[in-house]
Structure formats: C-alpha cells, structure tokens
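Dear colleague,

I am handing over the structure below, together with some notes on what was found in it. Please read the notes with the structure open beside them.

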Amino acid sequence: MKLALVGHRGVGKTSLLSRLKSYLKDISVLSLDQEIEKQMGKSIAKIFADEGEGAFRQYEKQVFASLCKKEEENIILDVGAGFEGDFPEDWTVLWVQRSIDLSQSQFLNRPNLDQSLTMDISRFKKREKRYEKISDIEIELLEHASE
C-alpha cells in the first residue's frame, strides 16, 4: 500500500498521520515536510524566508521523487496542502476534508490552532479542484476527532 494524504491546511492530516503511525507499526508513516527538513537541513519556514515558495515546491517534488524510488511496499505520506507533484499509478490518494466556511475559506471550530487558516478564495478553489481530480478516496474528519 502506498497512500498519500492530501487536503487543505488545518484539516487534520498531521493528526490523522500521527494516529495511523500509532496503529500501523509495520508501515512507514511520513510527513513530506519533515522529510524535506531532514534532507535540506533547514526548516520549512527558513526555506520560505530564504528561497521563497518556488524553491520549496521544487524541494517537495525532489524529495517526493526520492521517496517514491525507495523499495518500501507500505508507506503513508502526508504531502501537504500545496503539493503539485504527480503521483505514480501505484499510489492511492486520500483527500482529507473538514467543514469549512466557504465565504472566508476558514475552517470551523479549530481551537487548537494558534494561527488563522484563512486563505485567498481563488487559491482555495484551485486546490479544491486539484484534490477532487487526483483523489481516489475522500474522507471528512469530524471536529474533535483527534481527541
């Protein structure tokens, strides 16, 4: 099984990944952002600040490609909200969703987050179309599901 988690920022991909990691001991459960930080030797914030989003997106594709080349049969990978790379045919893409106030592109009832997740509506809609196009499976997480 090769499973990629996609979805907007703040929907709970990281929490879901953490729960899956605790249940699925024989499967590699990874975050693409964490793998980028390991391979590049600096934080995502530092990459954005020093090199910009374009460089970060190139690193995403590069690191994802390196993970795809590994011989691992079982992997679950959170690729992050803005990932624009292509998925090989042997990967299943799971679109993680959560209730949202579309008028503001803001996720509802996320009290544990320390920052606003408001996003430009055009960027939100562009990503939404991509997720719909590339996903094999869709799930909606319920509020407080990580508790």
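With which side chain does the side chain of Glu 60 make a polar contact of 3.0 Å? The model is a predicted one, and in it the partner of Glu 60 is Arg 57, the two side chains being joined by that contact of 3.0 Å. Glu 60 has its place in helix α3, and it counts as buried because its relative accessibility is 2%, under the limit of 20%. Leaving aside residues up to four places away in sequence, Glu 60 touches Leu 32, Ile 36, Val 79, Gly 82, Phe 83 and Glu 84.

In general, nonpolar side chains of soluble globular proteins tend to be buried together.

The sheet comes next. It is open and made of five strands in the order β2-β3-β1-β4-β7, with parallel pairing; β2 (28-31) and β7 (137-140) are the edge strands, each of which pairs on one side only. Between β2 and β3 there are four bridges in the parallel sense, and Val 29 stands opposite Ile 76 in β3. Helix α2 packs on the sheet, where it touches β2 and β3, and its direction makes about 75 degrees with that of β2.

Finally, the aromatic rings: the structure holds six aromatic pairs. One of them, formed by Phe 48 and Phe 56, is tilted, at 4.9 Å centre to centre and with 40 degrees between the planes; Phe 48 counts as partly exposed at 33% relative accessibility, whereas Phe 56 is buried, with a relative accessible area of 3%. The rings of Trp 95 and Tyr 131 have their centres 5.9 Å apart and their planes at 50 degrees, so this pair is tilted. It links distant parts of the chain, since Trp 95 is in strand β4 and Tyr 131 is in helix α4, 36 residues apart. Phe 64, Phe 83, Phe 87 and Trp 91 form one aromatic cluster.

Methods
Residues are numbered from 1 along each chain as its sequence is written. This is a predicted model: local features need pLDDT of at least 70, side-chain atom pairs count only at pLDDT 80 or more; totals for chains, interfaces and linings use all residues. Side-chain values use heavy atoms; hydrogens and water are left out. Helices (H or I, at least four residues) and strands (E, at least two) are DSSP runs, numbered from the N terminus. Buried means under 20% relative accessible area, exposed over 50%, partly exposed in between (1.4 Å probe, protein chains only). A polar contact is a pair of N or O atoms within 3.5 Å; within protein, one must be able to donate a hydrogen and the other to accept it, and residues adjacent in sequence count only if both atoms are side-chain atoms. Contact means heavy atoms within 4.5 Å. Two strands pair if DSSP finds at least two bridges between them. Axes are lines fitted to C-alpha atoms, for helices over the stretch in contact, and angles run from 0 to 180 degrees between N-to-C directions. Rings of Phe, Tyr and Trp (its six-membered ring) pair if their centres lie within 6.5 Å; planes under 30 degrees apart count as stacked, over 60 as edge-to-face and the rest as tilted.
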